[in-house]
Amino acid sequence: MIEIENVRKSFGALEVLKGIDLTVSKGEVVTVIGGSGSGKSTLLTCINGLEPIDSGRITLDGTDVHAKGTDLNKLRSKVGIVFQQWNAFPHLTVLENVMLAPRKVLGLAKDRAEEIAVKQLTHVGLAEKLSVYPNRMSGGQQQRMAIARALAMSPEYMLFDEVTSALDPMLVGEVLDTLRMLASEGMTMICVTHEMKFAREVSDRVAFFHQGVMAEIASPEQLFDAPQHVETQKFLAATH
Amino acid sequence: MFETALTWSDLAFLAQGAGMTLLVTAVSVTAGTVLGVIFGVIRFQVGPYWSIPLTFVLDVFRSVPLLIQLVLGNAFQSIARLGWPPFTTSCVILSLYTAAYCTEIVRGGISSVPVTTRRAARSLGMTWWQDMRYIVAPLATRVSLPSWIGLTLGVMKDSALVLWLGLIELLRASQILVTRLQEPLFILMICGAIYFILSFPVARLGGYLEKRWSPND
């Protein structure tokens with residue numbers, strides 16, 4: 001369970017998170033929508049401790065992410081994150097990209113890591129690309145590789161930060177299909193996205209962020225068909 | 001026909017000088033690179049403000065002519081009664097000189113690795129060290145290699161200046177022969193050819209590595 005309690009975070013004078021409260025239970029899919037600069041992406045990087053928070057608390061299965069004694073590296077292997085930019089390791093083949101963290105972080109033997117990597121890459125439809133270097137693949141394929149790379153750590157939670165925003169419109173579908181598949185398998189996910197149709201389809205709950213505040217959170221039917229908050233109404237009107 | 005007083009033993013003498021050039025270069029480039037990597041990582045990690053003292057010292061080694069550094073370094077070691085032989089003094093000065101340039105090369109290489117790529121590595125649970133070792137080092141090496149090869153070739157030629165401390169390296173050996181045989185053109189041509197033979201494999205190695213790595217980029 002991910003518990004976010006009254007989290008505040010500023011970059012200099014700009015307060016990007018103004019007291020966020022959100023609890024995500026095991027197996028739940030929560031999507032976060034909202035305009036640029038609303039703090040959606042920052043929240044994700046706070047959840048896995050890439051960004052410190054100013055106040056409040058984020059706990060993962062009871063472990064306080066931002067407490068002094070927390071082993072962030074251990075914690076991060078439980079929480080996979082995939083970014084807008086896929087960030088392939090360009091000097092490694094697709095297979096090596098996925099094998100690296102299981103070998104070095106989890107300390108798995110080479111065969112075992114390879115087995116897991118092949119399984120995950122097959123899962124996202126890249127079984128044919130094992131020995132290819134990332135730069136020889138399309139953005140969609142690289143993004144799916146990044147997803148497989150995160151999954152190879154057998155995370156309990158997955159965070160997706162606008163994973164289709166940098167993609168060619170033609171390639172968005174294949175990545176969303178991968179996310180749909182994960183959701184249907186019961187993965188606990190928080191997805192920051194601009195894909196409204198996708199959000200409506202996969203989410204258990206949809207949260208709307210506006211200027212660092214979670215203005216509204218509800219079931220997709222409720223939020224998309226009968227938004228309560230005036231900013232949600234404006235945002236949805238503008239994106240349709 | 002072409003006639004020369006140069007004998008086989010003179011050529012052996014030149015080869016010995018070349019050996020000294022190689023040895024001084026190898027020691028200095030190795031030590032300078034190790035130091036350069038350490039300083040480069042420090043400079044990158046602590047940021048421009050906290051590395052001001054280090055940067056200042058390295059700037060001194062980059063801006064003062066090497067000849068002056070060698071002469072002053074030698075004077076300093078005798079004042080401080082370190083009792084270093086010329087070979088040690090030469091290697092220490094040349095290493096610091098190399099390190100000063102190498103630091104910038106390393107820092108530039110590390111900066112060239114996108115922050116987002118490093119974030120991805122860290123978010124997979126890799127430690128700072130693992131990120132450095134498996135992601136940053138290989139990527140930064142690719143970017144830095146051409147400059148580092150250039151630096152190595154430069155240091156090999158600059159190492160000729162250690163003759164001022166009395167070391168008989170390739171150039172000094174040639175000078176000795178020129179003084180004795182009075183055939184400057186011929187001997188300096190041989191000397192230049194030897195420098196070329198020493199440098200060529202290093203330059204080719206660089207070309208080879210660049211080519212081998214390029215399909216991945």
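Predicted model: local features only at pLDDT ≥ 70, side-chain atom pairs only at ≥ 80, totals over all residues.
The predictor gives the complex an ipTM of 0.86 and a pTM of 0.85. For chain B the average pLDDT is 92, and 98% of its residues score at least 70. Within chain B, confidence is highest in helix 4 (residues 86-111), at 95. It is lowest in helix 8 (residues 184-213) of chain B, where the mean is 91.

Several helix pairs can now be taken in turn. Two packed helices are described by the angle between their axes and the distance between the axes. In chain A, take helix 3 (residues 94-104) and helix 5 (residues 139-151): their axes come within 8 Å and cross at roughly 30°. Angles under 35 degrees count as roughly parallel, so helix 3 of chain A and helix 5 of chain A are roughly parallel to each other. Their crossing is right-handed. On the side of helix 3 of chain A, the contact is made by V94(A), N97(A) and V98(A), and on the side of helix 5 of chain A by M145(A), A148(A) and R149(A). Of the residues in this contact, four are nonpolar, one is polar and one is charged.

Helix 5 of chain A also holds Q143(A). Is Q143(A) buried or exposed? A residue is buried if 20 or more other C-beta atoms lie within 10 Å of its own. Q143(A) has 29 C-beta neighbours inside 10 Å, and therefore counts as buried. Apart from neighbours within four places in sequence, Q143(A) is in contact with W86(A), V163(A), L167(A) and V175(A). As for L17(A), it lies 126 residues from Q143(A) in sequence, and the two C-alpha atoms are 27 Å apart in space.

The axes of helix 1 of chain B and helix 4 of chain B come within 6 Å and cross at roughly 40°. This angle makes helix 1 of chain B oblique to helix 4 of chain B. The crossing of these two helices is right-handed. The residues of their contact comprise 16 nonpolar, ten polar and two charged.

Helix 1 of chain B also meets helix 7 (residues 170-181) of chain B, with axes that come within 7 Å and cross at roughly 155°. Angles over 145 degrees count as roughly antiparallel, and helix 1 and helix 7 of chain B are therefore roughly antiparallel to each other. Helix 1 of chain B contributes residues including D10(B), F13(B) and L14(B), which meet residues of helix 7 of chain B, among them L170(B), R172(B) and A173(B). By class, this contact has six nonpolar, four polar and two charged residues.

The last topic is where the chains meet. The contact takes 21 residues from chain A and 18 residues from chain B. On the side of chain A, helix 2 (72-76) and helix 3 each supply at least two residues. That side has ten nonpolar, seven polar and four charged residues.

Helix 5 (residues 115-123) of chain B has buried residues at A120(B), A121(B), R122(B) and S123(B). What covers them? The cover includes helix 2 and strand 6 (79-82) of chain A, together with helix 6 (128-158) of chain B. Just after helix 5 of chain B comes G125(B), with a positive phi of about 100°.

Methods: Residues numbered from 1 in each chain as written. Chains lettered and ligands numbered in written order. Axes fitted to C-alpha atoms, helices over the stretch in contact; angles between N-to-C directions. Helix = DSSP H or I, 4+ residues; strand = E, 2+ residues; numbered from the N terminus. Parallel < 35°, antiparallel > 145°, perpendicular 65-115°, else oblique. Left-handed = near helix turned anticlockwise from the far one by under 90°. Contact = placed C-beta atoms within 7 Å. Nonpolar A, V, L, I, M, F, W, Y, C, P; charged D, E, K, R; others polar. pLDDT = per-residue confidence, 0-100. Buried ≥ 20, exposed ≤ 12 C-beta atoms within 10 Å, placed from the backbone.
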